[in-house]
Amino acid sequence: MSSGLIHPTAIIHPGAYLDDGVEVGAYSIIGDNVRIGRGSKIASHVVIEGPTQLGEDNQVYPFASLGAAPQDKKFRGEPTELLIGDRNVIRECCTFNRGTVQDKGKTVVGDDNWIMAYVHIAHDCIIGNHTIFANNATLAGHVEIRDWVILGGFTLVHQFCVIGEHAFTGMGSSVSKDVPPFAMVSGAPAEPHSINLEGLKRRGFSKEAIQRIKEAHRILYRQQLPVQDALAKIEAAYGEHEEIALLLAFCRHSQRGLIR
């Protein structure tokens, strides 16, 4: 059991494990088969149900619900899980559900994510690292959000969609297809508009790499080519570069089809 500050009104199940330095605020409930890593801070009025694991140095704000049963009529109480990494900020009223046996059996949130108030992460979602989800972003089940993605406020993501690395969605976007890496999309339904230029600059992409990404985006979205022809043209021109190889692999493995 943690040697940190546990408020006397908090309810900690005997089957939970809290590592050193964990803090739990007033009226929070930590359920059976919950593990919370060193230095994590759970504010007041938080409910965490198991099986759920949180890593180290997470901050969970009031009224969050983590590890509740998936909102899926097929769920029959199977022991699926929620796995959360390290150094995540989870703001007020967020809801993260466990997985289902029909898919991965787990919902996964990586490291260093900044997740604002009222965000919903449904069953079997996979969230990478260094993402930002603005207020009320909502993910249906089976969604994958890769590293460094930013979701604008009130973004809606349809089930089974994948949003690629460094992509950005504008406020109120409704995403029903896969979003390639580096793209900036907005609208309902969401449409591609440009690349995430400011994000790439902030993350240290070279001018040359950004120019290649711009040109690849232009070929994919502005030359009115069939997707496979556009990808072949991009590969012929820039395929040896790492960031373009990432883009090509994403597009070729898309299951729902690319946003257009």
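Modeller: Before we start, helices here are DSSP runs of H or I with at least four residues, strands are runs of E with at least two, and both are numbered from the N terminus. This is a predicted model, where local features need pLDDT of at least 70 and side-chain atom pairs pLDDT 80 or more, while totals for chains, interfaces and linings use all residues. Residues are numbered from 1 along each chain as its sequence is written, and side-chain values use heavy atoms, with hydrogens and water left out.

Biologist: OK. Where does Ser40 sit?

Modeller: Ser40 is in the loop between β5 (34-36) and β6 (41-42).

Biologist: Buried or exposed?

Modeller: Ser40 has a relative accessible area of 0%, so it counts as buried. Buried means under 20%, exposed over 50% and partly exposed in between, with a 1.4 Å probe and protein chains only.

Biologist: What does Ser40 touch?

Modeller: Leaving out residues up to four places away in sequence, Ser40 touches Gly21, Val22, Glu23, Gly55, Glu56, Asp57 and Asn58. Contact means heavy atoms within 4.5 Å.

Biologist: Stepping back, how is the protein divided?

Modeller: Into domain 1 (11-145) and domain 2 (200-253), with bounds from an automatic or database domain assignment. Their C-alpha centres lie 35 Å apart.

Biologist: And what does UniProt place at residues 178-259?

Modeller: An unreviewed UniProt entry gives "domain: UDP N-acetylglucosamine O-acyltransferase C-terminal" there. UniProt positions are in the numbering used here, feature names are shortened, and annotations may be inferred rather than shown by experiment. Over residues 178-259 the chain is 55% helix and 13% strand, and its end C-alpha atoms are 6 Å apart.

Biologist: Now the sheet. In what order do the eight strands come?

Modeller: The order is β2-β5-β8-β11-β14-β17-β20-β23, in an open sheet with parallel pairing. Two strands pair if DSSP finds at least two bridges between them.

Biologist: Which strands stand at the edges?

Modeller: β2 (17-18) and β23 (162-163), each with a single partner strand, so one side of each has no neighbour in the sheet. β23 pairs with β20 (residues 144-145) in the parallel sense over two bridges, and Glu144 has Val162 of β23 as its bridge partner.

Biologist: How many bridges join β8 to β11?

Modeller: Three, between β11 and β8 (residues 52-54), which run parallel. Leu54 has Ile84 of β11 as its bridge partner. Four bridges join β11 to β14 (residues 106-109), also parallel, and Leu83 stands opposite Val108 in β14.

Biologist: Changing topic, how far does α2 reach?

Modeller: α2 has 16 residues and reaches 21 Å from first C-alpha to last, close to the 22 Å expected. The expected span is 1.5 Å times one less than the number of residues.

Biologist: What covers its buried residues?

Modeller: The cover includes β27 (190-195), α1 (197-202), α3 (227-238) and α4 (242-252). Among the buried residues of α2 are Ile210, Ile213, His217 and Leu220.

Biologist: And Glu215, what does its side chain contact?

Modeller: Its side chain makes a polar contact with the side chain of Arg218 at 2.4 Å. A polar contact is a pair of N or O atoms within 3.5 Å; within protein, one must be able to donate a hydrogen and the other to accept it, and residues adjacent in sequence count only if both atoms are side-chain atoms. Glu215 lies in α2 (residues 207-222) and is buried, at 17% relative accessible area.

Biologist: What does Arg252 touch?

Modeller: Leu231, Ala232 and Glu235, not counting residues up to four places away in sequence. Arg252 lies in α4 and is partly exposed, at 38%.

Biologist: Last one. Where are the cis peptide bonds you have?

Modeller: One joins Gly50 and Pro51, with omega about 0°, and another runs from Ala188 to Pro189, with omega near 5°. Pro51 is in the loop between β7 (47-48) and β8, and Pro189 in the loop between β26 (183-187) and β27. Most peptide bonds are trans.
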